[in-house]
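Here are some friendly notes to read beside the model. Take the points one at a time, and find each residue as you go.

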Amino acid sequence: MIMTSYASPIAGLPDQMALHTGRATFTEAYAFIPRGVMRDIVTSYLPHWNDTRLWVIARPMSGFAETFSQYIVEVQPGGGSQRPEENPEAEGVLFVVSGQMTITVEGETHLLGEGGYAFLPPGCAWSLVNKSTEPVRFHWVRKRYEVVDGIDIPAPFVANEQDQPILWMPGTNQTWGTTRFVDPADVRHDMHVNIVTLEPGAVIPFEETHVMEHGLYVLEGKAVYRLNRDWVEVEPGDFMWLRAFCPQACYAGPQRFRYLLYKDVNRHAKLPF
């Protein structure tokens, strides 16, 4: 059985003698946020959350990524929220990368550990508490749900990625695949949050160029990733934020390379009238 690991921010602060030769990049087509800049000084706090801080790694910006926000949330023992989501139009996905938490969704309580996944539709009643003795960290992806007449809003569910199969891409000899939590043809869903896996030496062999904007958080392994015109070396804990039509490709390194992927799907493009 292949051991699975999950990166999260290193936090703390660098030494005063650290050099400013980092890899952080913000361009017209993508942003690259390396793990080394996710420090204590850039954390935020939320109303109605106790003993909780977070790193905001994506937010809607006019002319850039426009459909989603993404946080890495850290909840101390005893912390959490009984009013976590104030926007009734927002859907969410939670993905646990360290520790464990207790989440109650529509009256049902679940314990989520590493690899735990929860889909929370708009208007869903949920709460979260850390009943353990160690901090829990998880990704929280939020999007304004796009209601379609005659299409039901999907129900909430919880899962764990370690219980889901990797669906390998055809012709790749099981070296490039995706762990999916939602059927791609299920048009009730207007976003997907999946896990992409590339085995050592595997490639994405063409420059993907498409309308879906992306958030990619590296969970484990290293790779060289193509972002627009640049090849960028990435490692666990790095985050890539791609606007629509930003070309991308990948060469995986010597170990299994995995990342958490957001993309918007299954809706008409918004028109300016």
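1. Start with histidine 192, which counts as buried because its relative accessibility is 4% (buried means under 20% relative accessible area, exposed over 50%, partly exposed in between, with a 1.4 Å probe and protein chains only). Histidine 192 lies in strand 14, residues 191-198; strands are DSSP runs of E with at least two residues, numbered from the N terminus.

2. A word on the basis: this is a predicted model, where local features need pLDDT of at least 70 and side-chain atom pairs count only at pLDDT 80 or more, while totals for chains, interfaces and linings use all residues. Residues are numbered from 1 along each chain as its sequence is written, and side-chain values use heavy atoms, leaving out hydrogens and water.

3. What does histidine 192 touch? Leaving aside residues up to four places away in sequence, its contacts (heavy atoms within 4.5 Å) include Val182, Asp183, Pro184, Leu261 and Tyr262.

4. For contrast, look at isoleucine 41: it is exposed, with a relative accessible area of 69%. You will find isoleucine 41 in the loop between strand 2 (30-33) and strand 3 (50-58).

5. Now turn to an open sheet of 4 strands, in the order 15-20-17-18 with antiparallel pairing; two strands pair if DSSP finds at least two bridges between them. Strand 15 (203-208) and strand 18 (230-234) are the edge strands, each pairing on one side only.

6. Inside that sheet, strand 17 (residues 223-227) and strand 20 (residues 248-252) run antiparallel and are joined by 5 bridges. Arginine 226 has alanine 249 in strand 20 as its bridge partner.
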